[in-house]
Amino acid sequence: MISVSEAISYEFVTGPDLYALCQQAAKIRDAHWGKQLTYSKKVFIPLTNMCRDACGYCTFVQGPDSPYANYMSPAEVFKTAYEGQQLACKEALFSLGERPEERHQKARELLNNLGYRSTLDYLHDQCENVLLNTSLLPHVNAGALSFAELKQLKPVAASMGMMLETVSNDLLKKGQAHYACPDKTPKRRLDTIEQAGKLDIAFTTGLLIGIGESWQDRIHSLLAIRERHLTYGHIQEVIIQNFRAKEGTLMAAYQEPDLEDMKRTIAVARLLLPAQISIQAPPNLEQEYGCYINAGINDFGGISPLTKDFINPERAWPQISSVAQACQGLGYSLAERLTIYDRFYQQQETYLTPDLAHRVALLAGQSAYPKSHQSGGVLA
Ligand SMILES: O=c1nc2n(C[C@H](O)[C@H](O)[C@H](O)CO)c3cc(O)ccc3cc-2c(=O)[nH]1
Ligand SMILES: C[C@H]1O[C@@H](n2cnc3c(N)ncnc32)[C@H](O)[C@@H]1O
Ligand code: SF4
């Protein structure tokens, strides 16, 4: 693993050529993860599209005056999860806006109609709804959370996540991606990762690429994740996600990162992070997603046979068979995994309640759940 001083001084951008960098990264990936890539068969549950933040790239969010602003009802949550189960999905990905009731009267009213005062209390109970009525494992992506909130959710989610996005404070300024986003301050994001570590939650995080951050910011973001993982050992995957420009947003005309930029960032992530952390990139946000394999990813994240990617609804999921073909063309196989990686399931007393551990065991029996490839400490 590269040292901090090496990482910061390393001239990843102008230095090693992209081909050599990718080869180095792929070698580390092959040594740790073997010739197998993974994905998780999931349904997307956009519990609410209201939010107190206003990210300059987001089309998921709906303002209080929008006719589409909503909370899903318990019946809708159940229906989505149940239909997913019928299609052999094993993950219920709860992804939602952050604390809308703290900003919008409309959100308070909608929540009140459901019998709640807090979105996170409602989220907790809807994870329970999925657990009580289906075999799916909830994964919670609810943005920045406190120690108490993470602790409350731990018994009802097999894993959780939150994109760090970037450690750059510059993007909080007027006209930038994170202006007017109290939940996107690097401090709150880093604190969430830290608290999840203290609570032994198998955690997903990641970088959003091309939202105005510099190369140095990307390296510092990766190092910040690495530092916390070296303390707590809880980071299961790091997503390298490319920004997609959307009509009607502040960043509609903003340049999207190109494939080279993505490949270089993926390779750098693979070189900077411990090998046991999975590197994921979504296959629906890039036509040439097969190229990510050569840059060192070992995972494609959640793919749904039922629901669209509500955050990028115009970007359809590729067929799982097409992803498998892309893998095979490069000498890799594609296997299904669960939302919690095997390494954490192997430490179930720490990371899961007995009930969740039992459910993971049942689902693992239904899929070729990839086992951890190598043991070893967090420094592996
Ligand atoms: O379909 C999506 N899934 C997203 N996922 C889900 C992910 O694809 C998988 O469900 C997880 O890898 C399961 O382990 C996220 C999960 C997180 O914890 C944090 C951020 C994301 C972001 C997305 C996203 O933009 N679109
Ligand atoms: C779930 C995650 O999706 C990401 N996200 C939100 N909007 C976009 C976009 N336009 N392009 C790519 N990713 C996006 C954010 O980083 C959020 O945390
Ligand atoms: S990206 Fe997440 S935090 Fe930002 S506006 Fe959209 S829903 Fe809210």
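Which residue stands opposite Ser-95 in β3? Select the two together: Ser-95 faces Asn-141.

Some ground rules before we move on. This is a predicted model, in which local features need pLDDT of at least 70 and side-chain atom pairs count only at pLDDT 80 or more, while totals for chains, interfaces and linings use all residues. Residues are numbered from 1 along each chain as its sequence is written, and chains are lettered from A and ligands numbered from 1 in the order in which they are written.

**Stop 1: strand β2**

Select residues 91-95, which make up β2. Helices (H or I, at least four residues) and strands (E, at least two) are DSSP runs, numbered from the N terminus. Five of the five residues of β2 are buried, so the rest of the structure largely encloses this strand. Here "buried" means 20 or more other C-beta atoms within 10 Å of the residue's own, "exposed" means 12 or fewer, and "partly exposed" is in between, with C-beta atoms placed from the backbone. Colour Glu-91, Leu-93 and Ser-95 for one side of β2, and Ala-92 and Phe-94 for the other.

β1 and β2 run parallel, joined by four bridges, and β2 and β3 run parallel with five. Trace the chain from β1 and you pass through helix α3 (residues 74-86) to β2, in a right-handed β-α-β crossover. Right-handed means that, with the strands pointing away from the viewer, the path from the first strand over the helix to the second runs clockwise.

**Stop 2: strand β5**

Next, select residues 203-209. Seven of the seven residues of β5 are buried, so this strand too is largely enclosed by the rest of the structure. Phe-203, Thr-205, Leu-207 and Ile-209 point one way from β5, and Thr-204, Gly-206 and Leu-208 point the other.

Strand β4 (residues 159-161) pairs with β5 in the parallel sense over two bridges, and Gly-161 has Thr-204 as its bridge partner in β5. The chain gets from β4 to β5 by way of helix α7 (residues 186-198), and that crossover is right-handed. Then look at strand β6 (residues 235-242): β5 and β6 pair in the parallel sense over seven bridges. Follow the chain from β5 through helix α8 (residues 215-232) to β6 for another right-handed crossover.

**Stop 3: the ligands**

Show ligand 1. How many residues surround ligand 1? There are 20, and the closest are Asn-141, Gly-161, Thr-204, Gly-301 and Gly-302. (A residue is near a molecule or strand if its C-beta atom, placed from the backbone, lies within 6 Å of it.) Strand β1 supplies the largest share of this shell, three residues. By class, the shell has six nonpolar, ten polar and four charged residues. For the classes, Ala, Val, Leu, Ile, Met, Phe, Trp, Tyr, Cys and Pro count as nonpolar, Asp, Glu, Lys and Arg as charged, and the others, Gly among them, as polar.

Jump to ligand 2, with 13 residues around it; the closest are Tyr-57, Met-163, Leu-208, Arg-244 and Ile-311. This shell divides into six nonpolar, four polar and three charged residues.

Finish with ligand 3, whose surroundings include Cys-51, Cys-55 and Cys-58. The shell around ligand 3 has six nonpolar, two polar and three charged residues.

**Stop 4: helix α14**

Select residues 354-364. Leu-356, Val-360 and Leu-363 of α14 are buried. They cover an arc of only 65 degrees around the axis (taken from the directions from the helix axis to the C-beta atoms), which puts them on the same side of α14. An α-helix has 3.6 residues a turn, so residues three or four places apart point the same way.

**Last stop: two loop residues**

Is Ala-180 buried or partly exposed? It is partly exposed, with 13 other C-beta atoms within 10 Å. Ala-180 sits in the loop between β4 and α7 and has a positive phi of about 65 degrees although it is not a glycine. Then pick Asp-200, in the loop between α7 and β5: its phi is positive, about 55 degrees, and it is not a glycine.

Methods:
Pairing = 2+ DSSP bridges.
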